[in-house]
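Hi there,

Here is the structure I promised to pass on.

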Protein chains: 2
Amino acid sequence: MDRQVIGILGGGQLGRMLIEAANRMNIQVRVLDPTEKSPAKQISNFTQHVNEPFTSSTAIRALAKECDVLTVEIEHVNCDELEAIEESGAVKVRPSAGTIRLIQDKYLQKEYLAERGLSLPEYIKCDTLEVARNAGRVFGYPFVLKCRLGAYDGRGNYVVKDESDVDAGFKSLGGDMLYAEKFVPFIKELAVMVARRPGGQVVSYPVVETVQRDNICELVYAPAQIDGQVREAAMKVAMDTVSCLPDGSTGIFGVEMFLHKDGHTVLVNEIAPRTHNSGHYTTEACSTSQFENHLRAVLDLPLGDTSLKVPAAAMINVLGGANGFSSVLDPCLASLNVPGATIHLYGKAEAKVGRKMGHITVVADSALQLRRRTDLIVGKLANASQEERERLAYRNTQKPSTDGSVDDNEKGDVADISPLVGIIMGSDSDLPTMRPAAEILEQFGVPFELTIVSAHRTPDRMFEYARAAHKRGLKAIIAGAGGAAHLPGMVAALTPLPVIGVPVKGRCLDGVDSLHSIVQMPRGVPVATVAINNAVNAALLAVRIIGASCPTYLDAMAQYMDDMRVSVEKKIDHLGTTGWKDY
Amino acid sequence: MDRQVIGILGGGQLGRMLIEAANRMNIQVRVLDPTEKSPAKQISNFTQHVNEPFTSSTAIRALAKECDVLTVEIEHVNCDELEAIEESGAVKVRPSAGTIRLIQDKYLQKEYLAERGLSLPEYIKCDTLEVARNAGRVFGYPFVLKCRLGAYDGRGNYVVKDESDVDAGFKSLGGDMLYAEKFVPFIKELAVMVARRPGGQVVSYPVVETVQRDNICELVYAPAQIDGQVREAAMKVAMDTVSCLPDGSTGIFGVEMFLHKDGHTVLVNEIAPRTHNSGHYTTEACSTSQFENHLRAVLDLPLGDTSLKVPAAAMINVLGGANGFSSVLDPCLASLNVPGATIHLYGKAEAKVGRKMGHITVVADSALQLRRRTDLIVGKLANASQEERERLAYRNTQKPSTDGSVDDNEKGDVADISPLVGIIMGSDSDLPTMRPAAEILEQFGVPFELTIVSAHRTPDRMFEYARAAHKRGLKAIIAGAGGAAHLPGMVAALTPLPVIGVPVKGRCLDGVDSLHSIVQMPRGVPVATVAINNAVNAALLAVRIIGASCPTYLDAMAQYMDDMRVSVEKKIDHLGTTGWKDY
């Protein structure tokens, strides 16, 4: 695809996956890494790698010698040498030495972003024990002490529990080049990969949520199960963050964020100037992976489509555990039986405890199916607790299938999944009529929300709700209304989504008023109207609508219909044996 | 994942992609191929490859020496040696030498399958010119002369046009070891990948359609745009074909088939005992690729999920052309700007005319979007005709976008795409009422079918139609009916799909009879009812239903709603300037 040779500082798993992408495009990559058979070098066509530390000046110069572009898979590199190479003009450095240097020092990174108006957790520079103690007074406890340099995967962080803990924390982190950060009460940790071309054009991947265990990322869910408008806001924060970086910030960046407990404030945690663990899911779940887009960016080729090509995806990190390689094999072997799972092992020679040995991605037709699938693997992780293993093992053996294959259609917990259906009604007096819709959706494992939206009493709210619905992630809206029932039709006029209308029976006219008000819509704006007071059918219609494109729910609907048949057949039997007189 | 070392006979692009999959699972692969830097060896961690022909006995023995399992990426290998190794018991051969030998000889292959009851095009063994002449008399013209051995990519085939052409054909193919085959008038060529474990368990990938140019596969569409029930039948034929192969037929098989002009007969064309060009789409479009599943099969690991994880996918072969590497680069460069496209180049040193240099996969949210995307690349192929280039270039520049990005939402031709919506009505007298639904769907580029299904006059047909609808690929059904309008509700009772009911106004009761018959469904079976005679809204609802899970159609609906607003605003202007008296 391109004759330019790329040199990568660092040859671990990120380099390996960059090379996998480069191989597909016939792009030559040269690696600088002290390990002779490092993960990246193993699968490389190029033989002239440099087996030296990526902090060594001479080694970096040796790497640059036969490359056109230098890039990094780790930020802890020798920036002075990169800067010298950059200045010599012989080789492009992407991202630039200046960008890497800025990001290397987490305190400078924060200062830079704060100056440009980005929202961050409160922080102060902390060079002395006195300042650290004061931080506790200002921020309250717990607060976090962090190393400015060299920190990753939780190393270099210390959560200070109370005043008596300050000294220990300060000392354990070396007591120098630190900063203190106020603890953010967050709902979820979010992350976004953003790719940037030399000209400054940025494209963003979807917003994902990351789940940490012992300060190491264990799980990534894509898309993040949060309101779609908050997702949009987080994506904007990430794009703004990468856009405000200095000229020369070319390549892909991982932006980690906190979603504050208030449900909408998004705070930037930190940036990685490279491919990132939270973007591994993109290989199976997005049109163009983070690895390929990093290559495209540093070669100044058009950036690839970053959108999700599957409805839901997850990434599970596989770490070395107490049992060495068998800690790694257990989750991998489990995943061979999980539909949608793909194994990525990094070819590392030793499975030390806590070392990232590989990851498993999982794709699914819905967030519900995704949870069921990931549960089958997470319980096998070396670092899963005994309780977790037992809980997941119990849940996963509840419905053993007859043919030995994995049954991933067991009903699961949808509490933490973003709603697919919105049930709205004009007044709380409609709740008794609409409640059965909620019960049906719950029964089918369809995540939903239920609220009051009145066309006549809260017209502004109706406009906002309907206009935002598809952006928020809803696939259908069920609207119940009585009398001059305007809600379903007005909502339908404001959303491109299918709207299901439930005519609620009032005191006069037997509900015919509501029925006609809902069903007789003018050409151009349809409302899917069901029978008077029949919220059950509205919910079943919503399940059918989702099921039209999602096998998990289509199969569940076919099962429901079969269950109805069986239940009537039982009544037929009962009537036959009991006789109509005694029935 | 597995300590067994796999030896592959052949180190071309298929071997390369097998190694890509093996790298991800940390599985060691050793390659036998005469080219020292063959595509497969380039990305392999293993260095002890054998640089000899895969027909050489000593080379195969040398390969086997440090392997646990031998497999092939090409069927034209030395079966005698494989058999000897198999018999020695030292190394497993998968698929077995017997299977490869059977498939190598296309005539024996046919005999074997015909004896086991599979449907094939008529054929006869053809060792002499006399038999060849006779074949023309029996089969008619054109018929096909084929080499029994060594044929691929159309080489070894000769289409005999008429009696005077027999001699030329016979001689050009060497006049020996031939067979003659009756020409099958087919609608489409289909292909299915099937993986088989040592125990005999088989799993099938989706049915795809292949488009050939000059006897070489140019394009693959997944899933095949044919009726879903015919797809099911073709999948069964493929599974039966692979299942009936002898014991030891382990690994993945490509089964090529013809869909006869009658629209439902599926005939087996031939089998490949290996990964296959028609399965390349699986890397981006299925949960587990054909390459990984071949590895899993030969290692006797559980087979991975073969289902499509995206709604639609295509694969475009990139061949060497008259302009060498620039023939290869042109379509690749074009694809960098096509959302959903992924490039796979094979690292071949020379771009000879007609040589497979790489392929491009494309994924999309719908068959419609897929056609629009592939069109942008196909016109850049070296072997595309001038007319085709001009046609596609014209079509693709019809809607130039302002920001330079590719607009893939231009309205395309849906004639060849399987229907997503079925419009049915009880009688042709309903057609004037239902016609606007068809027009709306056409306008939105939603592929649909329209037919007569009467609940009361063709109850059997109604049962069949409704029961099969979701298997056939429909996502929604629009049913129009008048009077005691039973059709929508009865259909809804027989399908898990959303059913949209259009009450058709009769001579009495103003359509209220139809409305109530359709909308007042009992709990358990919903019909999405629209206004009396409002087939437009039924179609718009169908678009919204499909759009709920498909951005292409959701965006189109948002656009439609905005167009309505603009059109009313024009009337407001007109009314304002003209005045109500003259309006």
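Below is what was found in the model.

This is a predicted model, in which local features need pLDDT of at least 70, side-chain atom pairs count only at pLDDT 80 or more, and totals for chains, interfaces and linings use all residues. Residues are numbered from 1 along each chain as its sequence is written, chains are lettered from A and ligands numbered from 1 in the order in which they are written, and side-chain values use heavy atoms, with hydrogens and water left out.

Let's start with the two chains.

Next, a helix in chain A. Helix α13 (a DSSP run of H or I, at least four residues) covers residues 367–378 of chain A. All 12 of its 12 residues are buried (under 20% relative accessible area, 1.4 Å probe, protein chains only); among them are A:R371, A:R372 and A:R373.

Now some backbone details. Cis peptide bonds join A:R94 to A:P95, with omega about 0 degrees, and A:A222 to A:P223, with omega about -10 degrees. A:L509 is not a glycine, yet has a positive phi of about 60 degrees; at 60% relative accessibility, A:L509 counts as exposed (over 50%).

Best wishes

Key
Helix = DSSP H or I, 4+ residues; strand = E, 2+ residues; numbered from the N terminus. Expected span 1.5 Å × (residues − 1).
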